[in-house]
Amino acid sequence: MISFYLNGKYHEISHLNPNTTVLEYLRLHEHQTDTKEGCGSGDCGACTIMAQRLPSHVMSDSSDSTPFYTFNSCIALLSLMDGHHLMTASYLADNPAHHPERALLHPAQQAMVDCHGSQCGFCTPGFVMSLANLYENNRMQQQQNAKQGSTNGESSYDDPSYDDIVAAISGNLCRCTGYRPIIEAGLTMGKIGQQRVADKTVAKDLTISLATDAMASNSDALLKTASLDTSNKASTIEPALAEGSRQLFIPKTVDALNQLLAVYPQATIWAGGTDLGLSITQHLVDHEVIIQLSAIDELKTWSLSHSKSSSKHDSKANAKLLSELDNSTDNEEEVQELTFGAGMTYQQMLPILEQNYPEFAALFARTASPQIRNMGTLGGNIANASPIGDLPPILLALEARIHLRHCNPNNRDMGGEEANAKDENNEHNQKPYIDEIIPLSEFFIDYKKTKLLAGSYIVAIHMPLMQANQHLFIHKISKRYEDDISACLVAVRIDLSADGMTIDHAKIGLGGMAAIPLLAKNCQQALLGQPLELASFEKAAKALPMDVSPLTDVRASREYRLHVVQRLLIKCGKQLIKETQTERESS
Ligand SMILES: Cc1cc2nc3c(=O)[nH]c(=O)nc-3n(C[C@H](O)[C@H](O)[C@H](O)COP(=O)(O)OP(=O)(O)OC[C@H]3O[C@@H](n4cnc5c(N)ncnc54)[C@H](O)[C@@H]3O)c2cc1C
Ligand code: FES
Ligand code: FES
């Protein structure tokens, strides 16, 4: 059984085709047509809705509300909403029962009306959800600040910045109104909220109070959410959803996942579904057995390994860990690598990347849209093995390692001893699965072919921390600035000698240039031991055709790809020279 709230109302479902998307459920099962279907592939944002993870599923012990987030309901499985509250545009308006004279629109809705942000109206519910999400999270943050005494105790409704608004609506397309009035609505909604507080026109919490009241009254039911009980034996594991021969499982621990994959090695592993959702909506695939990873908090943790110890942290502990990290500059050699659970979404990884790999974090503004980044995961991006995935070339340049787990009993004889021996926690060396940690560069074998076998999954990614002599540059080429897949992507990591004059080590990750993401070994070789000057990069760029022979496709021609990547390599050289000059001048 899955359980969730939809617009404040509790739902439990156990008999349903597991391939049912949220949008299909809303429109065809609930006849709730305020959410629109445009592209059906996550690109247009017409189907955007808001959700909030409910307390019984929250990783932290904090009583603070979890943030709202938006997602594309067209490609999200309904089962991903297990333990969540879903909100659609019609829920945002204040309950007319409280204001019989008129239904009071949410400030984001009222602002769209006031600023003429809608013409045909097809895109409007999606834009409203993206703006309302920004508004509500902003307000939640301010309420938390007020609680902590950093304001006067009264929550205020400050306007988000122009940039915040543009980022919030970057996954929504409008074909007729144009964006100026919509951005204006974003800039206006805060004032509407402020006016209401001043007028005491309406209870302060338009959406949250209704949601939390409903949640509170049903919290017991939520706790009973019928995800997998870890004490179950594999033979007695119950699917959360089933219809005919189709089944969907929602394990809550890696142990349960291991058991399930041993029994169902051919099952489809479902993380955020931002790639897989399209298999349903575009290719009409009806997945027979699905194992959903979203409830396994262990796959959403990250850890910082010091040379002496390694400890695990959930996302709520990030602030503490990050401050430890800040202090660690006194003792650089203690810090080794960051480990990210494969189930971490882009959004969950962002604050950690911002602290440690700012160039990597900056790319996220150009990776997909907020709706996709809230759902899509690190493991999904790597396992999908798309030659144009954004993360693999960067992880290759960082010399990341990948932790794989093979649960299919038929794969027991594949190098398991060595792999299992690496695992310190394996007391009896009798694990019913095989672990291996390999360089990411060995993971991709051929187009969409990887080291993953039936019944295998990615546990985590290990990323060495950047050292003082290392420099990272990332360039993505796509037709649209936001929410567009790369035509090509270049990630260059250069390690300089102690005097900063020579290139000691170079790693150049490429995406969109071959059937798999790969390292440009000839270009790298050409840079080794070379002086830090532009000519070194010009020479290295000439070696590119020895590394790759790209294709011509709808995104770019072969010639363009080669030319642009060569120019980008030289650009990285220019950036590096400038960066080191600035460092020298300021020291
Ligand atoms: C509109 C849109 C825009 C996009 N833009 C970008 C972009 O700019 N850059 C980019 O790189 N990608 C982009 N994507 C692709 C996608 O969002 C990413 O690849 C995302 O990281 C996939 O993660 P997921 O959790 O949604 O994967 P899913 O769809 O759940 O799974 C993808 C594949 O990975 C497998 N899988 C997932 N997790 C694991 C695991 N832990 N172990 C083993 N196998 C696993 C699944 O079985 C499946 O084969 C875009 C997608 C859409 C729809
Ligand atoms: S309908 Fe276009 S993103 Fe969902
Ligand atoms: S109002 Fe028509 S598409 Fe946006």
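Start with ligand 1, which has 32 residues around it, the closest being G42, A271, G272, G379 and G380. A residue gets into this shell if its C-beta atom, placed from the backbone, lies within 6 Å of the molecule. This is a predicted model, where local features need pLDDT of at least 70, side-chain atom pairs count only at pLDDT 80 or more, and totals for chains, interfaces and linings use all residues. Residues are numbered from 1 along each chain as its sequence is written, while chains are lettered from A and ligands numbered from 1 in the order in which they are written.

By class, the shell splits into 14 nonpolar, 14 polar and 4 charged residues. Here Ala, Val, Leu, Ile, Met, Phe, Trp, Tyr, Cys and Pro count as nonpolar, Asp, Glu, Lys and Arg as charged, and the others, Gly among them, as polar.

Now for some helix packing. Two packed helices are described by the angle between their axes and the distance between the axes. Axes are lines fitted to C-alpha atoms, for helices over the stretch in contact, and angles run from 0 to 180 degrees between N-to-C directions.

Take helix α3 (residues 107-114) and helix α4 (residues 124-147): they pack at about 125°, with axes 8 Å apart. The two are therefore oblique to each other; angles under 35 degrees count as roughly parallel, over 145 as roughly antiparallel, 65 to 115 as roughly perpendicular and the rest as oblique. On the α3 side, P107, A108, Q109 and M112 make the contact, and on the α4 side T124, F127, V128, L131, A132 and Y135 do. Being in contact takes C-beta atoms, placed from the backbone, within 7 Å. This contact has 8 nonpolar residues, 2 polar and no charged.

Next, α4 and helix α6 (residues 179-199) have axes that come within 11 Å and cross at roughly 45°, which makes α4 oblique to α6. F127, L131 and Y135 of α4 touch I182, A185, G186, M189 and G193 of α6.

How do α3 and α6 cross? Their axes come within 8 Å and cross at roughly 125°, so α3 is oblique to α6. In α3, P107, A108, Q110, A111, M112 and D114 meet A185, T188, M189, I192 and G193 of α6. That contact has 7 nonpolar, 3 polar and 1 charged residues.

Technical notes. Helix = DSSP H or I, 4+ residues; strand = E, 2+ residues; numbered from the N terminus. Contact = placed C-beta atoms within 7 Å.
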